Amino acid sequence: MDSPSRSSVIIVGAGVSGISAAKVLAENGVEDVVILEASDRIGGRIWKEEFGGASVELGAGWIVGVGGRESNPVWELVNKAGLRTIFSDYSQARYNIYDRSGNIYPSGLAAESYKRAVDSAMERFRNGEAGSLLKANPLPSIAKTPIELAIDFMLHDFEMPEGEPISTFLDYGEKEFMVADERGYAYLLYKMAEEFLSTSDGKIVDSRLKLNKVVREIQHSRNGVRVTTEDGCVYEANHLTLSVSIGVLQSDLISFRPSLPRWKTEAIEKVDITVYTKIFLKFPYKFWPCGPGKEFFIYAHERRGYYTFWQHMENAVPGSNILMVTLTNGESKRVEDQSDEETLKEAMSVLRDMFGPDIPNATDILVPRWWNNRLQRGSYTNYPIISNCEVVRNIKAPVGRIFFTGEHTSERFSGYVHGAYLAGIDTGTALLQEMRKLETDGKGQSQQFLPLLTLTGSLSLTQAETGSLHKHKCDIPTQLHLSGKLGIPGARL
Ligand SMILES: Cc1cc2nc3c(=O)[nH]c(=O)nc-3n(C[C@H](O)[C@H](O)[C@H](O)COP(=O)(O)OP(=O)(O)OC[C@H]3O[C@@H](n4cnc5c(N)ncnc54)[C@H](O)[C@@H]3O)c2cc1C
């Protein structure tokens with residue numbers, strides 16, 4: 001057992017935010033970092049698998065937000081790494097909407113329905129919902145007919161730029177490019193990691209990256225952190241960066257001693273998480289239309305989101321004979337709970353509605369289970385947590401020596417790879433500032449804030465304390481953060 005050991009920083013999670021935070025630390029001379037990753041790979045929600053003779057992305061597949069007034073940093077990394085990408089032209093999808101009898105809706109009707117849905121979405125957005133809209137409480141949609149429901153699903157569950165005027169589209173642009181490279185999207189993380197971790201033959205061999213380490217307990221005090229993993233190892237550090245998803249924070253996978261303060265747990269509970277599932281189907285041959293404008297096609301059903309959005313993989317992997325269908329939320333959870341055979345049967349029945357009874361059966365199916373994966377508990381934070389400044393700030397704010405990162409801590413770009421990447425940089429930078437401040441403040445510190453962060457006491461504010469801070473709710477974490485700065489660097493728990 002390799003415990004206990006003491007380092008400057010423990011990073012929990014080797015997804016894009018954990019790796020980008022570690023890189024910032026390494027670039028600034030903080031090298032005694034330990035990265036504890038629960039799974040057997042880096043990447044987290046960027047995850048490539050071999051399926052039907054091709055590489056498919058189970059998690060993030062697109063660089064969303066390209067061609068705008070600012071450059072998307074992930075797009076820059078993708079180009080630097082030389083990853084192959086293809087432009088996704090969703091605009092044609094509305095002209096490939098099938099009804100249950102296999103007829104394509106006339107283009108005029110489809111365009112008109114699409115325009116009405118966009119106008120209605122913009123109207124809902126303008127009506128002040130930007131100030132309070134958490135997806136947990138969406139406004140009722142006006143969509144009723146199968147085609148309206150299909151378009152509604154496309155606009156919102158796919159976050160089309162016309163329907164969701166969020167920072168990603170406004171700042172970085174409305175184009176989306178899909179990674180179509182057999183090295184996978186996660187190759188980006190490898191390229192980032194190789195700048196500060198030792199590698200050999202395309203693998204990370206650095207002992208600071210510890211895979212298969214499921215963190216179960218984080219003990220923290222004003223002096224440092226102690227982490228216990230499922231296999232009984234103990235790690236100690238001066239600080240900790242926690243990059244697990246909001247779904248994991250909402251679950252009981254990790255316990256905190258002392259418990260996290262109420263302002264933090266309440267904020268964590270308020271965020272809604274989307275489940276987004278890409279199901280892959282392998283066929284002996286193609287039976288769907290290919291060629292320009294045919295990559296995406298839609299199935300209109302009276303149940304919203306029922307095997308609605310389809311994509312053929314011929315542009316990404318020519319000759320692969322693979323189709324992908326995307327499910328979200330309730331439908332995702334439903335198929336996660338049933339056997340893959342059931343799901344295959346349902347998907348085949350939908351395809352036979354669209355393309356007739358004579359199409360061949362799929363020979364293989366891949367159904368990711370993001371909701372039931374205890375290391376994720378969902379796919380990404382729901383748009384737009386930015387709408388509530390208190391929630392997003394409280395989610396991001398450190399608790400003593402624990403610094404939070406991950407896509408869910410990004411005010412502008414929550415939910416996206418670039419959000420996670422920038423969040424890691426932000427958190428790494430904030431932690432560095434903290435460490436430097438501790439070094440300089442170490443000798444002459446005032447004791448007045450110490451009681452908030454004693455070793456055994458709860459970090460929750462009392463009612464009287466909360467009352468006195470009430471006027472500045474968004475500042476609460478900042479004040480706790482300041483008190484955290486008064487810890488003694490290097491002291492042991
Ligand atoms: C199906 C799907 C499709 C998506 N599509 C896109 C897309 O096209 N474009 C886009 O920009 N974004 C997309 N996203 C979102 C994007 O993948 C995420 O926003 C981003 O990858 C999150 O990175 P992260 O570092 O915040 O979290 P993660 O990648 O989740 O990293 C957290 C890490 O913590 C680890 N961990 C969890 N619990 C523990 C524990 N107890 N102990 C130790 N380690 C632990 C996890 O294994 C994981 O590796 C998609 C996500 C999904 C799931």
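A nonpolar core is a set of buried Ala, Val, Leu, Ile, Met, Phe, Trp, Tyr and Cys residues joined through C-beta atoms within 7 Å. Buried residues have 20 or more other C-beta atoms within 10 Å of their own; exposed ones have 12 or fewer, partly exposed ones fall in between, and C-beta atoms are placed from the backbone. The model is predicted: local features need pLDDT of at least 70, side-chain atom pairs count only at pLDDT 80 or more, and totals for chains, interfaces and linings use all residues. Residue numbers start from 1 along each chain, as its sequence is written.

**View 1. The whole chain.** The protein holds 14 helices and 23 strands. These are DSSP runs numbered from the N terminus, with helices (H or I) of at least four residues and strands (E) of at least two. Of its 493 residues, 45% count as buried. Contacts pair residues whose C-beta atoms, placed from the backbone, lie within 7 Å. Among contacts between residues at least 6 apart in sequence, 77% join residues at least 24 apart.

**View 2. The largest nonpolar core.** This core has 111 residues. Ile10, Ala150, Leu189, Leu240 and Ile298 have the most contacts inside it. Helix H4 (residues 146-157) gives the most to the core, with 7 residues. At least three residues come from each of domain 1 (5-46 + 187-271 + 378-448 + 450-484) and domain 2 (48-182 + 276-366). The domain bounds come from an automatic or database domain assignment.

**View 3. Leu189 and its contacts.** Leu189 touches Val16, Ile19, Ile42, Gly43 and Ile46, leaving aside residues up to four places away in sequence.

**View 4. H1 against H12.** Helix H1 (residues 16-27) packs on helix H12 (residues 417-441) at an angle of about 35°, with the axes 7 Å apart. Axes are lines fitted to C-alpha atoms, for helices over the stretch in contact; angles run from 0 to 180 degrees between N-to-C directions. The H1 and H12 crossing is right-handed. A crossing is right-handed if the near helix is turned clockwise from the far one by less than a right angle, and left-handed if anticlockwise. H1 residues in the contact include Val16, Ile19 and Leu25, and those of H12 include Tyr421, Ile425 and Leu432. The contact residues divide into 12 nonpolar, 7 polar and no charged. Here Ala, Val, Leu, Ile, Met, Phe, Trp, Tyr, Cys and Pro count as nonpolar, Asp, Glu, Lys and Arg as charged, and the others, Gly among them, as polar.

**View 5. H8 against H11.** Helix H8 (residues 262-270) and helix H11 (residues 389-396) pack at an angle of about 115°, their axes 8 Å apart. Their crossing is left-handed. From H8, Trp263, Lys264, Ala267, Ile268 and Lys270 meet Val391, Asn394 and Ile395 of H11. The contact has 5 nonpolar, 1 polar and 2 charged residues.

**View 6. A cis peptide bond.** The bond from Arg257 to Pro258 is cis, with omega near -5°. Pro258 sits in the loop between strand S15 (255-257) and H8.

View 7. Phi of Asn212 is near 55°, a positive value in a residue other than glycine. Asn212 lies in the loop between strand S11 (209-210) and strand S12 (215-221). Asn212 counts as partly exposed because it has 13 C-beta neighbours inside 10 Å. Phi of Asn321 is also positive, near 55°. Asn321 belongs to the loop between strand S19 (309-312) and strand S20 (322-328). Asn321 is buried, with 23 other C-beta atoms within 10 Å.

Technical notes:
Two residues are in contact if their C-beta atoms, placed from the backbone, lie within 7 Å.
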